[in-house]
Each structure stands twice: as structure tokens, then as C-alpha cells.
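Notebook open, model loaded. I'll jot down what I look up as I go.

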Amino acid sequence: MKLDRTLPKETIDRQYDYMRRVKEWNPDGLKAHVLTFGCQQNEADSERIAGMAKEMGYEITDTVADADLIVINTCAVREHAELKALSITGQFKHLKEKKRSLVIAMCGCMVSQEHRRDNIKNSYPYVDFVFGTTRLYTFPEILFNCLLTRKRSFYLDAGDEGNIPEGLPVHRASKFKAWVSIMYGCNNFCTYCVVPFVRGRERSRHKEEIVKEVTALAAEGYREITLLGQNVNSYGKDLYDDYDFADLLSDLCKIEGEFLIRFMTSHPKDASFKLIDVMAANDKIAKAFHLPLQSGSDRVLSVMNRHYTRERYLTLVRYMREKMPDIALSTDIIVGFPGETEEDFEDTLSMLSEVRYDNIYSFIYSKRKGTKAAVMEEQIDDTVKGARFERLLAVQNAINLDKNQKYEGKVETVLVEGYSKTDKSRLTGRSERNRLVHFEGDEALIGSLVKVKILRGDLHALYGELVKN
Ligand code: SAH
Ligand code: SF4
């Protein structure tokens, strides 16, 4: 059954009403600081939170000590991310002691879990309110009530309750790179993953809304637009009978302007040849594909509930390379999933050599409460996990170095993002194929697309010189 999950306009108008009331209530000159952990979806959510805060009269500040409102947007994908958020939250206690009027709020995936919400409620008394991922749009209402009553509140409400808010204000962190969520939630329940529990079921935005947003961004001069979803390949399944992600990409490519489209994440079980054909046919789509493998062992993939085999995955890779020989491929790998044998792990290593990824994001398996894998027997020992992780990196590092050196002599199109962190005299940016590129150039180039001739490649980056028109 098709289900439209877009919230009625009146629901959003009500929140605008709260935004007006908070603005009237607050004295002038207040500042808000939004701290983000985790993935691009969280970055995008934080831009909405900052947008709402601005609409309520707060100036957005990077300096936490100056803030009158702190919002901590948390991640739950691995334990490490949770512990980091908790530790930083702990450090804000002394800010509250100095400034009693300070409001501290937490949102995002970590606090969308019951046990973490209780944890915050009981052990972090200086946190004023908490709201789950699907309650993001009610932030103004919760803040208003907090300012009025100074009572603490805890809104969980994740899972199936998720609805799609359209028309919220947004404060984008960049003037030339933009996130556009095309769908929310996930239906896949990979056995290691907490995301479906904290972000609810898959729900797609209307294609018209997405086209409208991207058209406006292109008109404003945005050069890179990244479409976001936990599994973009199932875009539209809940909403349309005959319109899918490949159709959406085709429509977005018709929008005028000089910009590149990226997207993430694709699930290999749903990535289609049609999607690959659309990519190959459109210059506006960056020739870079992130296709999480997780494991190279069919046995582990099956226990992970991933619904594809090594062979199906390789078929996709072969088709992509046939259509786009120079496409950059990246992936996610989990090391030390319960029951992973030495042989399973070697299957993962052999996939790295077979596919020769341009980049991998590797993670040591982390037990997540409520997931099936958390209660599986044969959890792998930390030292074994650590040693496998190092071996994986060594294999990929050799591939990265070789690939980066092969760029020497080539000319790459680069979106200039700013000055290099390590060398302030150099500009830095990302190539269409997602390589980090350093070169000398004028500050005025920041935010534009330029051509750079690559002179040298090392393990981490490419170094080159601007090609003058
Ligand atoms: N929806 C995306 C990404 C979800 S989380 C996808 O399906 O690819 C991002 C990555 O974190 C995953 O691809 C996986 O590699 C990793 N991850 C998820 N749960 C994990 C866990 N419990 N332990 C370690 N890594 C995990
Ligand atoms: Fe997690 Fe799997 Fe959904 Fe990705 S597809 S968010 S890994 S459950």
C-alpha cells in the first residue's frame, strides 16, 4: 500500500508559530551552538535545527562558551560515537553552573533509544530536553515550553511514528555544498545495525519537493548537491508505483546550472542497472559510487541479513566499470562481525584486491543493544578484531597509494573547499572522483569548480597546479 507521510502544512505552520513566540519571549542577542556527531543525515538535520534556532532569533555560534542554547545531535551507530557524545555533554555541566539560563538539548539517534533517554534523564540533570529523530520538527514547541516552565522533558517517539516535515527553515553550513534528504528511515534490519530502530521505517519525500529544493540550490549557485537516504535505491517504493531513484536522478539532471550530484547510501541488493545507465548518461552525476560491501564472505553476508552475494555485488561492479571505466568506487567494511572466521575475513580481503576500491570506510564491529547480532554467540575477541582491522588497512593503503600515483599527469575537476588544514598557503578541494586535491591558488576560487593538473599522489591526497583557461 502506498503511503504519503508528508506532514500537513498546518502542522509546520504551528511550529512557525512557536518560533515567533520564542523570538518574542527571548531577549535580543542570544546565541545557539549546534554540535553534530555521525553521518551526513545528522549534518542535514543539524542544518534544520540551526535554521529553526535562527528563525527564533538566535545567532549561530561556533563557540560553545558563548551559547545560550546548545543542541547536541547524537549518533548511535557505534558505541564509540555514543561515548563521545556523553563525554562532551558531561563537559557542558560547568557551563550551566556559570550561566543558569543556558538551555541544553539533545537529539538524534542515540537519544532515540529508550535506555539512553533514561540514562540522560537520570545522570545528566543539566540537560533540559531530549527529542528523538522523528520529533525534529517539534523542536520550537519543546523549546518554547522549556523556556516557559523550565521543566525538563523527554520525547522519544522514534520507530514507526516518523513523518516528513516540508518547509522547515534551514541554515546551511556551506555556500556551495548542500545536503538534500530524499527519504528517511530504513526497512532493512541488517542484524548489526541500530538505524532502523532509531530512524523508523522508510518514507520518501515527494519528487516535486526534491526538484524544487535542488532547483533553488542550483539557482543560488550551489556546486555540489548530495542526495541522502539510508538506502537511496529504494526511494519512492512507499510512494509511487512507477517512479524510482533512477527516475529522480534523471529529473534532477534536467535542472539548469553548473553543479554535480552525489548520492548516498546505496544498498547492493537494490542498486539497479537502470541507475548505472542513468549515471553513465549524465555529466551532472559525479562518477563516484559508494556501495557498502560490509563483508566479502557469503556466509557472513547472509547472517548480516544483507540479501546479496559476493557474485551479485561483483556483477554490479563489472557493469559499472563497463559503462564508466574511470568510476571511483568506495565501500564500508565491518571487521569482526560475530562468528567471522579467519576464512571469512580473508574473503573480505580478497574482495579488496578484486574490486580495488578508491576508498574504504572500515569499522570494528560494535555491539548495538536491541539488534540481533548483539545476542549472537561467538562475539569476536577485541584483540582479534584489532589485528584484522590493521591487516585490512594495510591491504587498502597499498591500493590507495597505487591509485593516487596513477593520477599523476592527469587533469581533474576540483570543487575548491578552502585552505588546507596543514598548509595555509595551499587551497584544497575534492575531485569529482572524491580525491582530496591540494594546490596553490587565490582565495577567490573557494566555492568554484577548477581544473587541476596532478603532479604527485601520496597515500592520502593528490598535489597539483591550477590549469589556466
Ligand atoms: N544505510 C547505510 C549506512 C548505515 S551506517 C548503509 O546501509 O550502508 C554506516 C556504516 O556503519 C555501515 O555501512 C556499516 O559499515 C557501519 N556500521 C553499522 N552498524 C555497525 C556496527 N554495529 N558496528 C560497526 N559498524 C557498523
Ligand atoms: Fe543499517 Fe542496513 Fe539500514 Fe544501512 S541498510 S541503515 S546498514 S539496517
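In which sense do β16 and strand β17 pair, and over how many bridges? I looked it up: β16 and β17 (residues 436–439) pair in the antiparallel sense, over four bridges. Strands here are DSSP runs (E, at least two residues; helices are H or I, at least four), numbered from the N terminus, and two strands pair if DSSP finds at least two bridges between them.

Housekeeping before I go on. This is a predicted model, where local features need pLDDT of at least 70, side-chain atom pairs count only at pLDDT 80 or more, and totals for chains, interfaces and linings use all residues. Residues are numbered from 1 along each chain as its sequence is written, chains are lettered from A and ligands numbered from 1 in the order in which they are written, and side-chain values use heavy atoms, with hydrogens and water left out.

**Around β16**

I stayed with the hairpin. Leu427 stands opposite Phe439 in β17. Four residues sit between the strands of the β16 and β17 hairpin, where Asn434 takes a positive phi near 70°. I then checked the pairing with strand β15 (residues 411–419): it runs antiparallel to β16, joined by five bridges. Leu415 stands opposite Arg430 in β16. As for cover, four of the five residues of β16 (427–431) are buried (under 20% relative accessible area; exposed is over 50%, partly exposed in between; 1.4 Å probe, protein chains only).

**Cores**

I looked for nonpolar cores, meaning sets of buried Ala, Val, Leu, Ile, Met, Phe, Trp, Tyr and Cys residues joined through side-chain atoms within 4.5 Å. The largest has 58 residues, and Leu227, Phe245 and Phe263 have the most contacts inside it. Another core, of 30 residues, lies apart from it, with Leu7, Ala32, Phe129 and Leu147 among its members.

**Asn359**

Asn359 lies in strand β14 (residues 359–364). Leaving out residues up to four places away in sequence, Asn359 touches several residues, including Leu329, Gln396 and Arg435.

Notes:
Contact = heavy atoms within 4.5 Å.
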